[in-house]
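This briefing goes through selected features of one structure, grouped by topic. Please keep the sequence and the 3D view at hand while reading.

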Amino acid sequence: MQSRVKFVSFLRGIACGSAALLSVSAVAQDGTGQTVITAARYVDVLAGKTVEHPAIFVGADGRITGIADARVVRWGSNVKHIDLGDKTLLPGLIDMHVHLDGPADIGGYRGLEFTDSFWGMTAVKNAHDMLEAGFTTVRNVGSDNRNDIGLKEAIDAGYAVGPRIVPAGYALGATGGHCDSTFLPPSLEKKDGKEEGIGDTPDELRYQVRRQRKYGAEVIKVCATGGVFSRNTEPGQQQLTDAELKAIADEAHQWGLRVAAHAHGAGGIRAAIGAGIDTIEHASLVDDEGIRMALARKRPVWFSMDIYNTEYTQAEGAKNGVLEDNLRKDREIAQIQRDNFRKAHKAGVRMVFGSDAGVMPHGEVGKQFRVMVEYGMTPIEAIQAATRNAAQALDREKDVGAIAVGRYADIIAVDGDPLSDVRQLESVDAVVKGGVLVKGE
């Protein structure tokens, strides 16, 4: 019979007396397979405060079995101890918008220098970089060749090291839209039909939802508007009809999947919200009516706004091969998006952390926290966007998003106090995934 921590049923008040830790008096002598993680403090993102002297107990399945006061708890010699010293612990971070098979330093037509399988190989390093940066869960919103699904399988089977991946497979879109191939002439396009994920009627797009799910997608990504880094599209253009967007959302929800809509333009944002789509990606040009709809809709809707990456793109994009037309679009919407982030947050729209990693280097996504705070969030709100809120938007509150009993022991450690200086999250000192130390001493 698997050993477990035995708890004494009393609560020990801490600090201001408004929070408490369950105090453990003893641990079964045979603690084989169990781990305890200690540090100076941890951030309880559910309560929005810091708790001192945690001892976090982890079972053999990698889930948290108890949280105790390290000053009074005892554990047996068979319990593995990970002591992270005078550091602050937080839940592993969640990035809701990444492209793991997109190296940031290869843009425009430079991609034609490489063979098709190259991109899946780069995803292995990019995933490792994100884990090292403290992101223990990512949602990959679209990849060629289902690279995200294959990488998830490789990580889960122990052949690669990286975060937990929620994959989308191919993104869905309209012929000639942002999710279609728009860089090549007709002579180099497919001769036997549309690109994977592309549809032009509600029924065609319902089929694409079913097809992506069939081959391993756990979220559906759709391009409702034009985009910055495609050719021959403008960010403000709506590219799928209201009926097509509703068909995608209805079909995905029937299968128990959530939907993310790439939507820069105000009309496309309103259409995606009206269709019942779960997260609005970018939301750059959202208007007052779109914000009102997001607040009023009964089914929760979340904004995922990538408000840091323009700094990288404008500094390095031309050198990386990004076309001037794409840089132009990026310049035109960057400040508008940031101002609308402030407006949407102030209005009370639900927000999650999404970086669009791949447009920027995967290991640098923690730099977005600073910009989120500059544009209206408090540090705890920015942290909650990448933990508690993201877990809710994923419908995975039982697994990730907080240091809490029953969830995976996905934990990061930083120096200092991230609730007063959110830039602590730009350099993560230790990472624990499922109770296993994967970065740090």
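Predicted model: local features only at pLDDT ≥ 70, side-chain atom pairs only at ≥ 80, totals over all residues.

- The open sheet consists of three strands with parallel pairing, arranged in the order β12-β13-β14, and its edge strands, β12 (93-98) and β14, each pair on one side only.
- From one strand to the next, the twist averages 15°.
- Leucine 93 stands opposite phenylalanine 135, which belongs to β13.
- Helix α1 (residues 118-132) packs on the sheet, where it touches β12 and β13, and its direction makes about 135° with that of β13, whereas helix α2 (residues 147-156) lies across β13 and β14 and runs at about 150° to β14.

**The disulfide**

- One disulfide is found in a search of the whole structure; it is formed by cysteine 179 and cysteine 223, with their sulfur atoms 1.9 Å apart.
- Cysteine 179 lies in the loop between β14 (164-167) and α3 (202-214), and cysteine 223 in strand β15 (residues 219-223), so the pair ties together parts that are 44 residues apart in sequence.
- The link of cysteine 179 and cysteine 223 is right-handed, with 50° about the S-S bond.
- Cysteine 223 counts as buried, because its relative accessibility is 1% and the cut-off is under 20%.

**Serine 284**

- Serine 284 is placed in the loop between β17 (279-282) and α6 (288-296), and it is buried, with a relative accessible area of 0%.
- The side chains of serine 284 and glutamine 337 are joined by a polar contact of 3.4 Å.
- Not counting residues up to four places away in sequence, serine 284 touches several residues, among them Ala263, His264, Ile333 and Asn340.

Conventions:
Residues numbered from 1 in each chain as written. Heavy atoms only, no water. Helix = DSSP H or I, 4+ residues; strand = E, 2+ residues; numbered from the N terminus. Buried < 20%, exposed > 50% of the residue type's maximum accessible area, 1.4 Å probe, protein only. Polar contact = N/O pair within 3.5 Å; in protein donor to acceptor, adjacent residues only side chain to side chain. Contact = heavy atoms within 4.5 Å. Disulfide = S-S within 2.5 Å. Pairing = 2+ DSSP bridges. Axes fitted to C-alpha atoms, helices over the stretch in contact; angles between N-to-C directions.
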